[in-house]
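User: I would like to learn how to read strands and helix packing in a model like this one. Could you take me through it step by step?

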Amino acid sequence: MHTLIKHFFAMTPDGQTQTAAGWVRTRRDSKAGFSFIELNDGSCFQNLQVIASREHLANYDHEVRHLHPGASISVTGKLMPSQGGGQTHELVASSLTVHGFADPETYPLGKQRITLERLRELPHLRARTNTFGAVARIRNLLAFQIHAFFQSRDFLYLHTPIITANDCEGASAMFRVTTLDPATPPRNPDNTVNFKADFFTRPTSLSVSGQLEGETYACGLGPVYTFGPTFRAENSNTRRHLAEFWMVEPEIPFASLDDDAQLATDMLHHLFRAVVDNAQADLAFFDERFERGLVERLAFLADAKFERMTYTQAIHALQGAREPFEFPVHWGMDLQSEHERWLTEKHLKTPVIVTDYPKDIKAFYMRQNDDEKTVAAMDVLVPGVGEIIGGSQREERLPLLLNAMAAHKLNPDDYSWYLDLRRFGSVPHAGFGLGFERLIQFCTGLPNIRDTIPYPRAPGLCD
Ligand code: 4AD
Ligand code: MG
């Protein structure tokens, strides 16, 4: 069996026999009958330097000298302190097995630098690059740390359904799920599609959020969180929207908006600290390549106070800004990305939690404030990305929830189960949704969210 390369770097190299396996990044030949091979197996950012020589390897001339970037090999040899600069360890090969050659004429990831745009057309190969290896490791680390954070606080991990008959966010466009033949669907007498004949005997879609189901479990079991895929058919071709993304949604009973904001802050602190402490080599790469000062910024934010302001204060600040916004600012509008970014990047230069938005621009389930104009909503905005978290205290008072549903033109019969939570033992409760890919965008400085997920889905994109 081979050992993952990351473990070699934790060893003191003293000539012990080890086996590594991976993909060749580069090969350099010296005149003296040996070659340097940079080997990467994805376990860490660093390559392992392999010394392959004619003296020790019978296949040196007919195989080793034909290894090009992308070839896969296993190497057994002695792990030695490196003679040259640039690395601490090297593996001096006593045997080398080639599993698969890669043709340098056709392998798309040669030595030359390749753009992120071009790599998006090669989603099946981009895991072999420095950038996507680093993204995948940071994604893995953050997913694990999200569970660690909530588990350490006694939150129950809840699996909410992916196929649903409800639209949680109201305005959000949903992907229809059906087994009907689109060419010849069964029809009602009035020519509308007869969904009674469909698989679920009703119209169904992919979920935009697990929140409503999360509330049902929180109002019975205590704090819960979901962490799963969500789907939005918004036609948003931007660098921060995906049609399929992962969301983390905690829900806490007996809690207010302040408790919710505190939980969001504690969670982000924990996650920033975790990447800074555990992803040094990958972060250093992103710092150098994509965003200067990234490591310092994350380390600072790992215990920084987040600013807080109400929506109304944010509107005042925006109206006082000397900034040519594309969308003019007035009370009652939804904040556009340009406004969010101005607040967090230019005005405050730090993450900010904006609270108490006008009720007309927010979802039906948010708790109405005493002014009767705003709701107990919060958005967490961060530099570079804008909104990373959206949350609220939920309306726990039945008559007010019914009013809000009427105002949003929702039929209470469709939500009778949700209303039952208010009929029987209703409690104040709150929660939020963290966009997992936006978190990764923020922690890596990657300009486009499509590079934070292995197989991005967006309008016109399902490779
Ligand atoms: O603000 P949103 O729409 O909130 C909800 O869905 C609530 N049900 C959450 C809750 O209270 N439990 O979405 C939450 C977060 C956003 O702040 C954003 O980070 C992310 O999900 N998000 C997206 N990320 C990538 N692509 C998209 N199209 C996204 N839409 C939302
Ligand atoms: Mg939102």
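**Strands first, then helices**

Analyst: Let us start with strand 1 and strand 4 (residues 72–81), which run antiparallel and are joined by seven bridges. Two strands count as paired if DSSP finds at least two bridges between them. Helices (H or I, at least four residues) and strands (E, at least two) are DSSP runs, numbered from the N terminus. Please keep in mind that this is a predicted model, where local features need pLDDT of at least 70, side-chain atom pairs count only at pLDDT 80 or more, and totals for chains, interfaces and linings use all residues. Residues are numbered from 1 along each chain as its sequence is written, chains are lettered from A and ligands numbered from 1 in the order in which they are written, and side-chain values use heavy atoms, with hydrogens and water left out.

User: Which residue in strand 4 is the bridge partner of G22?

Analyst: That partner is I73. On the strand 2 side, T26 has E38 as its bridge partner, and W23 stands opposite N40. As a general idea, side chains in a regular strand alternate between the two faces of the sheet.

User: How many bridges pair strand 1 with strand 2, and in which sense?

Analyst: Strand 1 (residues 17–29) and strand 2 (residues 34–40) are antiparallel, with six bridges. They form a hairpin with four residues between them, and G33 in the turn has a positive phi of about 85°.

User: What is the strand order in the closed barrel?

Analyst: The five strands of the barrel run 1-2-3-5-4, and the pairing is mixed. On average, neighbouring strands there are turned by 55° against each other, direction ignored.

User: Now the helices. How are two packed helices described?

Analyst: By the angle between their axes and the distance between the axes. Axes are lines fitted to C-alpha atoms, for helices over the stretch in contact, and angles run from 0 to 180 degrees between N-to-C directions. Helix 3 and helix 5 pack at about 135°, with axes 10 Å apart. Angles under 35 degrees count as roughly parallel, over 145 as roughly antiparallel, 65 to 115 as roughly perpendicular and the rest as oblique, so helix 3 and helix 5 are oblique to each other. Contact means heavy atoms within 4.5 Å; the residues that meet include I138, L141 and F149 in helix 3 and L263, M267 and H270 in helix 5. By class, this contact has 11 nonpolar, three polar and one charged residues. Here Ala, Val, Leu, Ile, Met, Phe, Trp, Tyr, Cys and Pro count as nonpolar, Asp, Glu, Lys and Arg as charged, and the others, Gly among them, as polar.

User: At what angle do helix 10 and helix 11 pack?

Analyst: Helix 10 (residues 398–407) and helix 11 (residues 416–423) pack at about 155°, with their axes 9 Å apart. They are therefore roughly antiparallel. L398, L401, L402 and M405 of helix 10 make the contact with Y418, L419, R422 and R423 of helix 11.

User: Which residues of helix 6 are buried?

Analyst: Buried means under 20% relative accessible area, exposed over 50%, partly exposed in between (1.4 Å probe, protein chains only). In helix 6 (residues 280–289), D282, L283, F285, F286 and D287 are buried. Their cover includes helix 3 (130–152), helix 5 (257–278), helix 7 (294–301) and helix 12 (436–444).
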